Amino acid sequence: MPTTNQAAVTSAAPIALNGRTPRRSVLFFAFAFAVIADPVSSVAYAIEAALRALHGDLALLLPTMSLVIGLVVVVTANYWQLVRRFPKGGGAAAASARAFGARWTFLPIGALVVDFVLTIGISIAAAASAVIALFPGLAPLRIPLALVLLLVVAGLTWFGHGGRLLFAVMTVAFVVISVAVLVLGFAAPHASGHAVSTANPGHSAMLAVVLAFPVAMALATGVEAPSTAIAQLGQLDDTHRRRFGRGTLALLVVIVGGLTLALTALAVRLHIGIPGADSTQVADIAHAAAGPGWLYGAFQLASSLLLLAAASSSFQAGPGLLKALAGTAEKPGVLPPVLGRTNRHHTPYWSVVVYLAAAALIIVAAAGQEQELVLFYAVAVFVSFLVGLLAMTSFARREGKPALAWINGTAAGAVAFTLVVNLLRGWPVLSMVASLLIAAGLYLRWHRAGRPTGIEDVEAQAEAA
């Protein structure tokens with residue numbers, strides 16, 4: 001979740017800010033809660049991914065997810081620095097170019113292209129799973145259901161960014177309903193599961209946690225979004241962009257961390273283990289806490305809509321990035337101009353088709369199962385995280401800040417370790433290969449085009465557009 005949500009509420013952009021706090025507060029609400037839709041939606045499948053990696057060992061689930069949240073905090077701290085240094089947006093792409101040269105900007109860009117595809121695929125598959133958990137009779141139609149949802153979300157993209165304030169509303173609705181489920185689950189649960197506390201992972205508990213937590217790092221996707229989405233806030237000065245970006249990062253950590261740890265603790269308390277084929281762990285948690293009534297139905301509906309919002313956000317951001325790379329008639333880019341063609345709603349429709357086809361392919365390949373895609377999810381975006389952390393380490397060393405350089409270097413080591421563990425699982429190497437191939441292809445086209453300037457700001461340009 002994955003995404004990565006790169007786009008915020010453009011529909012809120014026309015709000016005129018004249019210094020009055022209420023209007024700025026509304027803009028922050030719309031911006032922040034839309035941006036964090038992706039990481040919040042990741043709660044729907046990240047906890048289950050960790051439990052599966054632990055082979056159902058509930059006793060180790062909370063330590064594992066605590067480690068995940070710890071690393072999310074570390075990555076967020078790096079983007080806190082990026083927002084300060086690049087208040088006009090740009091993220092890891094801008095940082096890597098300034099630190100190591102323009103050619104390095106293609107590595108995080110290639111990773112984000114793959115991340116957007118995976119965010120769309122896994123969010124759509126997870127939304128279909130949420131619907132099936134509520135209506136089990138739809139289980140035989142999992143793949144067609146996912147493809148229909150994919151087409152609907154892609155179709156809505158045709159109309160541009162209008163109505164994206166709904167993303168913020170969906171995020172808030174999911175958080176509020178989740179809190180209600182948690183309160184009821186801890187105070188007066190409807191039932192409990194039958195999973196055992198320990199399933200004996202076959203090796204030491206510490207090693208089991210270390211090997212399992214990288215799988216659940218899908219929870220970190222979307223952390224980079226505020227550092228690039230602030231480019232949309234053209235009506236604000238740099239100081240307020242920094243405040244919006246950092247405020248969103250803080251909100252992200254509090255909400256994602258709080259929901260994740262609370263739902264994990266409730267799963268352990270109620271003995272909710274690996275779900276059956278037609279359900280999800282968060283669905284089983286909500287059902288055990290609230291029973292089969294309206295609150296359970298509201299939880300499933302809210303989670304599915306939030307997941308679709310996360311997919312829609314990547315359907316905006318991914319094609320937007322391709323459009324920026326395609327350039328304009330006055331300033332040609334590195335991709336074919338056809339990818340930059342837009343309709344009257346400013347939607348680059350051929351770029352949308354590219355993402356639609358790629359997402360449909362991975363959904364079918366994974367048989368509509370989001371847990372099959374989780375293994376691939378954290379790889380691409382962690383390439384971007386790693387490059388950003390290394391860039392910030394370089395900046396700190398140049399500026400004579402050894403303590404900050406040590407902190408960033410340590411964080412880069414933790415991210416690199418997470419990346420390596422995921423790659424050692426085998427198939428996730430495909431995400432890395434795809435990211436590298438796209439990065440190499442973009443670099444070659446940029447080189448042949450005469451190395452046009454401004455490539456390091458392409459993420460900011462994509463968001464500002």
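Which residues line the largest cavity? The tour reaches that lining after a view of the whole chain.

**Whole chain**

This is a predicted model, in which local features need pLDDT of at least 70, side-chain atom pairs count only at pLDDT 80 or more, and totals for chains, interfaces and linings use all residues. Residues are numbered from 1 along each chain as its sequence is written, and side-chain values use heavy atoms, with hydrogens and water left out.

Display the protein chain as a cartoon: it contains 18 helices and zero strands (DSSP runs numbered from the N terminus, H or I of at least four residues for helices and E of at least two for strands). The radius of gyration of the chain is 21 Å, close to the 23 Å that the globule rule gives for 465 residues, so the chain is as compact as a globular protein of that length. That radius is taken over C-alpha atoms, and the rule is 2.2 Å times the number of residues to the power 0.38. Along its principal axes, the C-alpha trace spans about 65 × 50 × 50 Å. Of the 465 residues, 56% are buried (under 20% relative accessible area; exposed is over 50% and partly exposed in between, with a 1.4 Å probe and protein chains only).

**The largest cavity**

Select Ala44, Ala126, Ser129, Ala130, Thr280, Val282, Gln300, Ser303, Leu307 and Glu370, which line the largest cavity. Helix 6 and helix 13 (294-326) are the elements that give two or more residues to this lining. The space inside comes to about 60 Å³. By class, the lining has five nonpolar, four polar and one charged residues. Here Ala, Val, Leu, Ile, Met, Phe, Trp, Tyr, Cys and Pro count as nonpolar, Asp, Glu, Lys and Arg as charged, and the others, Gly among them, as polar.

A cavity is a set of points on a 1 Å grid over the protein atoms alone where a 1.4 Å probe fits but cannot get out; a pocket is an open set with protein on both sides within 12 Å along at least five of seven lines, and lining residues have an atom within 4 Å of a point. Grid points are joined across faces, edges and corners, and a volume is the space filled by probe spheres set on the points.

**The second largest pocket**

Next, select Glu48, Ala49, Arg52, Ala53 and Gln371, which lie nearest the centre of the second largest pocket among its 25 lining residues. Helix 3 (43-53), helix 9 (205-212) and helix 15 (370-398) each give two or more residues to that lining. Helix 15 gives the most, with five. The pocket has a volume of about 420 Å³, and its lining divides into eleven nonpolar, eight polar and six charged residues.

Centre the view on Gln371, found in helix 15. Gln371 is buried, with a relative accessible area of 14%. Leaving aside neighbours within four places in sequence, Gln371 is in contact (heavy atoms within 4.5 Å) with Tyr45, Glu48, Ala49 and Arg52.

**The nonpolar core**

Select Tyr45, Ile124, Met217, Leu325, Phe382 and Phe385, the residues with the most contacts inside the largest nonpolar core, which has 150 residues. Such a core is a set of buried Ala, Val, Leu, Ile, Met, Phe, Trp, Tyr and Cys residues joined through side-chain atoms within 4.5 Å. Helix 6 (residues 106-134) gives the most to this core, with 18 residues.

Around Met217, neighbours within four places in sequence aside, the contacts are Val68, Leu71, Val72, Ala378, Phe382 and Thr418.

Move to Ile120 in helix 6, which is buried at 0% relative accessibility. Not counting residues up to four places away in sequence, Ile120 touches Leu150, Ala311, Ser314, Phe315, Tyr355 and Ala359. The C-alpha atoms of Ile120 and Leu308 are separated by 8.4 Å, although the two residues are 188 apart along the chain.

Ala111 also belongs to helix 6 and is buried, with a relative accessible area of 0%. Its contacts beyond four places in sequence are Ala380, Val383, Ser384 and Ser435.

**Two loops**

Most residues other than glycine have a negative phi. Select His55, in the loop between helix 3 and helix 4 (61-85): its phi is positive, near 55 degrees. His55 is exposed, with a relative accessible area of 54%.

Finish at Ala367, in the loop between helix 14 (349-365) and helix 15. Ala367 has a positive phi of about 55 degrees and is partly exposed, with a relative accessible area of 36%.
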